[in-house]
Amino acid sequence: MATTMTDKPEHLLAGPSGRRRRRSRPRESKNWLGGTISWIWLAIVIVPIYWVIVTSFKSQSHYYLSNPMAPPTEPTLDNYRLVIESDFPLYFLNSLIVAVGSVVPAVLFSFMAAYAIVRASQNRFLKSVNWLFLMGLAIPLQATVIPIYLIIIRLHLYDSLLALILPSIAFAIPLSVLVLANFIRDVPKELFESMRLDGASEQTTLWRLAFPLTRPAVVTVSIYNALQIWNGFLLPVILTQSPDKRTLPLALWTFQGQYSVNVPAVLASVVLTTLPILVLYVVGRRQLLSGLTAGFGK
């Protein structure tokens, strides 16, 4: 009785326990086009920033005699000293008061309104209020300048920081309510039911459950509104007149008019105006990214 031997590969002769599987490793394809565009965009963004920072450390005479992109051979802080001596701390304080005084009430009111809209979704009145907030997103600031000006005049608030705070709160509420309401809807209803069964009141549920779970969204809308109010120019130029009521964007504009030839001094004021925004982003970067990317993994 003859037996035939066939030459089979080792991985076919092996038993189930010793079976070897060849796994094909996927080849990583490099996106050269996307990488090139990213580097080009980085250069477009970083070159103006580099020019502003480098120029702010140059003297006025050295700026006109040297290459604009070359670093200063003799760096100087005279431009920053000139800006600080031109009432820059007062303008910074005004911007800080307007930003904090607008963001804190707007976010607190928006959070409580969003919680009420989500928790009492069957209430017709709250539904109409929600639609009213959504309609506020369709009204641009430029279309309400004249009514805001007349209201501020009637309230005798013209040329005051409160005249900037009240409209800023009103324009920050619609978007904040929309974002916070969407985040509160993502909180499982079982958690609210368990809090209710434990005897917790709505106030306790609001601050002990909803607020900690939606903290990334609260930080996100706070930073967004703070940046919008900090960079605001239209309301300060219309609702204020006195030099001691100027905010940083308006002061930067007037400073540029006063020192139109001294380009390094103007750019030094730009750097000082941007620093608080950079610090705010660094402090709340993680919460901001968490709030912006929430829901994409669902």
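This is a predicted model: local features need pLDDT of at least 70, side-chain atom pairs count only at pLDDT 80 or more; totals for chains, interfaces and linings use all residues.
## Ground rules

Local features need pLDDT of at least 70 and side-chain atom pairs count only at pLDDT 80 or more, while totals for chains, interfaces and linings use all residues. Residues are numbered from 1 along each chain as its sequence is written, and side-chain values use heavy atoms, leaving out hydrogens and water.

## The whole chain

The protein has 15 helices and 0 strands (DSSP runs: H or I of at least four residues for helices, E of at least two for strands, numbered from the N terminus). Of its 298 residues, 33% are buried, that is, under 20% relative accessible area with a 1.4 Å probe, protein chains only.

Take the contacts (heavy atoms within 4.5 Å) with a separation of 6 or more: 71% of them join residues 24 or more positions apart.

## α5 against α6

Helix α5 (residues 88-119) and helix α6 (residues 124-136) have axes that come within 10 Å and cross at roughly 135°. Axes here are lines fitted to C-alpha atoms over the stretch in contact, with angles from 0 to 180 degrees between N-to-C directions.

From α5, the contact uses F109, A113, A116 and I117; from α6, L126, N130 and F133. That's 6 nonpolar residues, 1 polar and no charged (nonpolar: Ala, Val, Leu, Ile, Met, Phe, Trp, Tyr, Cys and Pro; charged: Asp, Glu, Lys and Arg; polar: the others, Gly among them).

## α5 against α11

Helix α11 (residues 215-230) packs on α5 at about 145°, axes 9 Å apart. On the α5 side the contact includes F92, L96 and F111, and these meet α11 residues including V218, N225 and W230. By class, this contact has 12 nonpolar, 4 polar and no charged residues.

Methods:
Buried means under 20% relative accessible area, exposed over 50%, partly exposed in between (1.4 Å probe, protein chains only).
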